[in-house]
Amino acid sequence: MACGLAAWLHLRCGLSRSATGKVLKVMEIMVVTALNLGAALVRLSHPAANVSTSPRFSLPHDIRTAMSVLSIEPNIIRSICCPKCYTKYAIADMPQVCLYKETNRSKPCNEKLWTTRITKGGPRVVPCRLYSTQDFESWLEFFLLHPGVEELIDKSYAHCPSSDNMHSIWDSPAWRSLGSFTTTHGNLTFSFYIDWFNPFTNKIAGKSASCGAIMMFCLNLPYELQCLPQYTFFAGITPPPHEPSVTTITALSDSIVDHLQAMWQGKKIRTHRHPDGALKRVAVLPTIGDLLAIRKLLGFAGVASHNFCSFCTLQRSEMDNLDYESWTKRTGADVLAGAMEWKSATTKKDRKAFFKKNGVRWSSLHRLTYRDPVQHTVLGVMHNWIEGILQHQARVKWGIGIIPAAQGNENADEAISATPPSSPLPFNKLDLDVEMLDEEITALYEESRQYQDRPEHVKRLHSQASFFMAEQQLEGGHDDADESPNDDEFFPGEVSDTDTEAEADDNLEAWKAVCIFDSTSLAMIRQCLSDTVIPSWLERPPVNLGEKRHGKLKADQWLQLFTVFLPLILPEIWLAESNPRHTALLSNFHDLVACTNIVCSYSVSSASADLYLYHFIQYRKSSKILFPNVNTRPNHHYAMHNADLMKFWGPLIKLSEFPYERHNGNLQKIKTNSHMCKSPTLFESGLH
Ligand SMILES: [Zn+2]
Ligand SMILES: [Zn+2]
């Protein structure tokens, strides 16, 4: 218990190693004193009893020893890598600069691999960057040695899939897409999640860095237990401060995929029921993450590319196409063939040409040949639907929180002129949600860098987006300026100026959005938010909705807003008088809520998935009429695929990013004293 308390103080409360050591010493003194007192009392009352005068008791004085007593220290594999391309090196024969070549005919990377660091023992030459991953086999043993875990896992093998309504992935065709693998005793099926977070918290201004967490959940566990930290495999954290690029990510994911490849063949692992070991095989089924992360991981083209969709071959210019049945769906075989073409190309030029043609490049995960790169990729409900579609509806289409409408639409022009578009300030003042536009802004930023474009460039002078980006640069908010130039391909040059301007217009349009609600309606909405009686576990969105003061809404709050509060009050507002526009707005909102209820539902059927697609197409059609100036975003297109995804995976909310994001949030809170990018102490502690 004492070791447990010390580990908690050190790991959770951030108490330093030396202070935790002192706590352990004090606890030892307390226990020894108590034991001595007890022994003295026994001697007093039973003088004849043979009680030892000094009971033997000791605690480890070093928290590292205490943690090894608890067996909670994970087996971390630390390897040295190039800070730029992440190529792995062995300490024994590491050159001065990185010799990695992207293709046989490319120039070597040439990044400096060593640095001098001042330590207590004087200056030391140490590797610039380390990459840490957790050993999968030792974690699997830790996981399966938990008493009761195997019994929980057995439930997945004993599960009888329900014929129509799917309640979890166990009911889904996806679960059966690996043949009998998922239902064979002893086999384990995992999800694979990747996303980046800023370890210096999410501030736009100030220090910025990016860490990528790679996590896996065991999907054989009942849904509510999958996300528990003790059952989560934290595969690795990509080295800060920069995100890997579309090509360098392979070097980071390769070492994890090596383990996964070996575990697909199977290995003998010790478990609680089989202390001598039993054969375990592991597969990875869904890959989960936000759009950018998943595209990067799986080698798909970025959202700004012509080949912008990983599910179908529609081009970006066809984003408004609603004839879903006519679309050509991508197949896993095509994607793999395209990826192989890219990989086998010997020059960067050829790679670029193949990428332009196929919209795919090589990904480490393609080495897991049992996976289908198209089918086994999930579109995250949280990023795509809640933060993509719902937030866009509130902020851009309805203009909530953008410009408070004094008198409704009639004063729209006045409202706009009150905040001249040439001023960069409104972005901060009006709290235009930055994350909502993140994808577009990142794409624009990369493009502008590629064309050596500057905010003062004549083409950009009219665009607010460039002012915003310039601001971010000034504040150091976007810290990926020195990312590998390979990322050009992620936001490819093939995007024409017209596309670029359309994107800039998207941002401008968000900026110019006018609130469709007048002050009376807004007051009614706020009153509904404050007066509605809700269960205590439900989080109430800010009651001053639309004011800057409440800050950014969490994904969960957007969901509550659209599924609980707005359906209570908007019909009242829009049906108050006979107004055709209000009726149309209500119908548009109804379609959106119907879709939200289905896509965020904990059970789904083929019929409800079809109903989703029907309402979503209706929603997109009426949106075009009601909000003709609001451009379609890639998320609107991707969401068209949700119907098929639901039919394949079952309820998507059960594969959402929420639990992984919570882990990311906890990782973000770990106190590192800003030392996360340095490696000296690790260097001394045994490298692989
Ligand atoms: Zn390198
Ligand atoms: Zn598509």
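The protein comprises 25 helices and 10 strands in what is a predicted model, and of its 688 residues 54% count as buried. Among contacts between residues at least 6 apart in sequence, 72% join residues at least 24 apart. The overall values for the protein are collected below.

| Quantity | Value |
|---|---|
| Residues counting as buried | 54% of 688 residues |
| Contacts joining residues at least 24 apart, among those at least 6 apart in sequence | 72% |
| Accessible surface | about 30700 Å² |
| Share of the accessible surface belonging to carbon and sulfur atoms | 57% |

In soluble globular proteins, nonpolar side chains tend to be buried together. Here the largest nonpolar core has 140 residues, of which Leu-140, Trp-385, Trp-398 and Tyr-612 touch the most other members; helix α19, covering residues 555–574, gives the most to this core, with 11 residues. If neighbours within four places in sequence are left aside, Leu-140 is in contact with Leu-188, Phe-190, Met-263, Ile-269 and Val-282.

The zinc ion (ligand 1) is coordinated through the SG atoms of Cys-82, Cys-85, Cys-98 and Cys-109, at 2.2 to 2.3 Å, and in sequence these donor residues follow the spacing C-x2-C-x12-C-x10-C. Cys-82 and Cys-85 are both buried. Why is the arrangement around the zinc ion (ligand 1) called tetrahedral? The four donor atoms subtend angles of 102 to 121 degrees, which makes the arrangement tetrahedral, because four donors count as such if all angles lie between 85 and 135 degrees. For reference, the ideal angle for four tetrahedral donors at a metal is 109.5 degrees.

Definitions and conventions. Residues are numbered from 1 along each chain as its sequence is written. Chains are lettered from A and ligands numbered from 1 in the order in which they are written. This is a predicted model: local features need pLDDT of at least 70, side-chain atom pairs count only at pLDDT 80 or more; totals for chains, interfaces and linings use all residues. Side-chain values use heavy atoms; hydrogens and water are left out. Donors are N, O and S atoms within 2.8 Å of the metal (3.2 Å for Na, K and Ca); water is not among the atoms, so sites may look incomplete. Four donors count as tetrahedral if all angles lie between 85 and 135 degrees; four count as square planar and six as octahedral if opposite donors are over 155 degrees apart and all others between 65 and 115; anything else is irregular. Buried means under 20% relative accessible area, exposed over 50%, partly exposed in between (1.4 Å probe, protein chains only). A nonpolar core is a set of buried Ala, Val, Leu, Ile, Met, Phe, Trp, Tyr and Cys residues joined through side-chain atoms within 4.5 Å. Helices (H or I, at least four residues) and strands (E, at least two) are DSSP runs, numbered from the N terminus. Contact means heavy atoms within 4.5 Å. Accessible areas come from the Shrake-Rupley method with a 1.4 Å probe; for residues, only the protein chains shown count as cover.
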